[in-house]
Amino acid sequence: IKYIDEGREKLAVIKARDFPEKLAPKLCWKLLGIEPKETRYGVLIYKVDPTSPAGKMGLGTGDVIVRLGNQSVYSLRDFYQQLIKNRNQQSISMVIKRENFYYYLTLPLRG
């Protein structure tokens, strides 16, 4: 990037980096308003902010996320990778398992 500083032209080199996976839990709370937890059954919703997109859609503690975006999620890492990949979208599709029923929904992402 070329820019002017005190009348002099300068050059700055900026290198893009991947979103750090260690920040994914904070990103999840910020965008969706949920705190997921990995279980042997998949990614469980452990905590929900009732004012968040997830809370307003009726998601609750105990719901299991089986698909996020266009990918099945079997682990917390799968879930976070999909969330990071889709973080700049306006919404994200999700499949939830509640008891013996599956629900397909599209959640807006808050920013």
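Which residue follows H1, and is its phi positive or negative? The residue that follows H1 is Gly-33, and its phi is positive, near 80°.

## Basis of the description

The model is predicted, so that local features are reported at pLDDT of at least 70 and side-chain atom pairs at pLDDT 80 or more, whereas totals for chains, interfaces and linings use all residues. Residues are numbered from 1 along each chain as its sequence is written, and side-chain values use heavy atoms, with hydrogens and water left out.

Helices (H or I, at least four residues) and strands (E, at least two) are DSSP runs numbered from the N terminus. Buried stands for under 20% relative accessible area, exposed for over 50%, and partly exposed for values in between, with a 1.4 Å probe and protein chains only.

## The nonpolar core

A nonpolar core is taken here as a set of buried Ala, Val, Leu, Ile, Met, Phe, Trp, Tyr and Cys residues joined through side-chain atoms within 4.5 Å. The largest such core has 25 residues, and those with the most contacts inside it are Leu-32, Ile-34, Ile-65, Phe-79 and Met-94. At least two core residues come from each of helix H1 (24-31), strand E4 (42-48), strand E5 (64-68), helix H3 (76-85), strand E7 (91-98) and strand E8 (101-108). H3 gives the most to this core, namely five residues. In soluble globular proteins, nonpolar side chains tend to be buried together.

Contact is counted when heavy atoms lie within 4.5 Å. With its neighbours within four places in sequence left aside, Ile-65 is in contact with Ile-34, Val-43, Ile-45, Val-73, Phe-79, Met-94, Val-95 and Ile-96.

## The buried face of H1

In H1, the buried residues are Ala-24, Leu-27, Cys-28 and Leu-31. Seen down the axis of H1, these residues fall within an arc of 100°, so they line one face of the helix; the arc is that of the directions from the helix axis to the C-beta atoms. The elements against which the buried residues of H1 pack are strand E3 (34-39), H2, H3 and E8.

Strands are treated as paired if DSSP finds at least two bridges between them. Strand E1 (residues 2-5) and strand E2 (residues 8-11) run antiparallel and are joined by four bridges, with Tyr-3 standing opposite Lys-10 in E2. The hairpin of E1 and E2 has two residues between the strands, and there Glu-6 takes a positive phi near 50°. Glu-6 counts as exposed, at 76% relative accessibility.

E7 and E8 also run antiparallel, and eight bridges join them; the bridge partner of Lys-97 in E8 is Tyr-102. Two residues lie between E7 and E8 in their hairpin, where Glu-99 in the turn has a positive phi of about 55°. At 67% relative accessibility, Glu-99 counts as exposed.

## Salt bridges

A salt bridge is assigned when a side-chain nitrogen of Lys or Arg lies within 4 Å of a carboxyl oxygen of Asp or Glu, and by this rule the count comes to four. One of them joins the side chains of Lys-10 and Asp-5 at 3.2 Å, N to O; Lys-10 is partly exposed, with a relative accessible area of 34%, and Asp-5 is partly exposed as well, at 30%.

Another salt bridge, at 3.2 Å from N to O, is formed by the side chains of Glu-21 and Arg-77. Because Glu-21 lies in the loop between E2 and H1 and Arg-77 in helix H3, the pair ties together parts that are 56 residues apart in sequence. A salt bridge at 2.8 Å, N to O, is found between the side chains of Arg-98 and Asp-63. Arg-98 lies in strand E7 and Asp-63 in the loop between helix H2 (53-56) and E5, so the pair ties together parts that are 35 residues apart in sequence. Arg-98 is partly exposed, with a relative accessible area of 32%, whereas Asp-63 is buried, with a relative accessible area of 3%.

## Asn-86 in its loop

Asn-86 has its place in the loop between H3 and E7 and is buried, with a relative accessible area of 16%. A polar atom of the Asn-86 side chain lies 2.8 Å from the backbone oxygen of Gln-82. Residues up to four places away in sequence not being counted, Asn-86 touches Ile-92 and Leu-109.

Key
A polar contact is a pair of N or O atoms within 3.5 Å; within protein, one must be able to donate a hydrogen and the other to accept it, and residues adjacent in sequence count only if both atoms are side-chain atoms.
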